[in-house]
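Please look at the sequence and the structure shown here before reading the report that follows.

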Amino acid sequence: MKKVPIKELREDLKEELKEELVSEILDKQRMGEEMYHKLEIRRDVKDSIVVIIASILYAINVNVFVNAGDLLPGGATGISLLLQHICRTFLHISVPYSLFSILLNAVPATICYRVVGKKYTLRSVLCIFVMSIAVDMIPSHFITDDLLLIAIFGGIINGVLIALILNSHATSG
């Protein structure tokens, strides 16, 4: 049996310990990455569900408050409603809201995809499609004729729903 000096033995042990520690750290990093991806998927699913629910409620708000008071909100929603009203009044044709809404939001969505990112754009497109289709499908109801009440409650609900959509990393168009 060959005698190994203590210094060499210590160096060998140090190298073995270093290798074990490095492999342990790498294993923990891999586990951390897996956990991060699982949490990211959960967050994406939660955000998408919130966007869908808020979009449907936004469509209800448009049909209950905005249409009831013949009001026009800002943004693509207001422009779409204005174009729909113009077609119905002057051209005597009924054009679905979803057609104008999707067409008006196509260019900003393309720019958003290139500038902001894929996930944000996909959730925004989901919001736009769900809201557009829901506005066409959900019937209009009149709650009151008081324009002030319609404007106040419609505006508050609209603001809360847009805040929910923005908080879920999307936009309503």
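Ile-56 has its place in helix α1, residues 6-66, where helices are DSSP runs of H or I with at least four residues, numbered from the N terminus. With a relative accessible area of 35%, Ile-56 is partly exposed, a class that lies between buried (under 20%) and exposed (over 50%), for a 1.4 Å probe and protein chains only.

## Basis of the model

This is a predicted model, in which local features need pLDDT of at least 70 and side-chain atom pairs count only at pLDDT 80 or more, while totals for chains, interfaces and linings use all residues. Residues are numbered from 1 along each chain as its sequence is written, and side-chain values use heavy atoms, leaving out hydrogens and water.

## Salt bridges around Asp-44

Asp-44, which counts as buried at 15% relative accessibility, forms a salt bridge (a side-chain nitrogen of Lys or Arg within 4 Å of a carboxyl oxygen of Asp or Glu) with Lys-119, their closest N and O atoms being 3.1 Å apart. Because Lys-119 lies in helix α4 and Asp-44 in helix α1, this pair ties together parts that are 75 residues apart in sequence.

The side chains of Asp-44 and Arg-123 also meet in a salt bridge, at 3.4 Å from N to O. Through shared partners, salt bridges join Glu-40, Arg-43, Asp-44, Lys-119 and Arg-123 into one network. Within it, Arg-123 is buried, with a relative accessible area of 8%, whereas Lys-119 is partly exposed at 36%.

Terms used. Helices (H or I, at least four residues) and strands (E, at least two) are DSSP runs, numbered from the N terminus.
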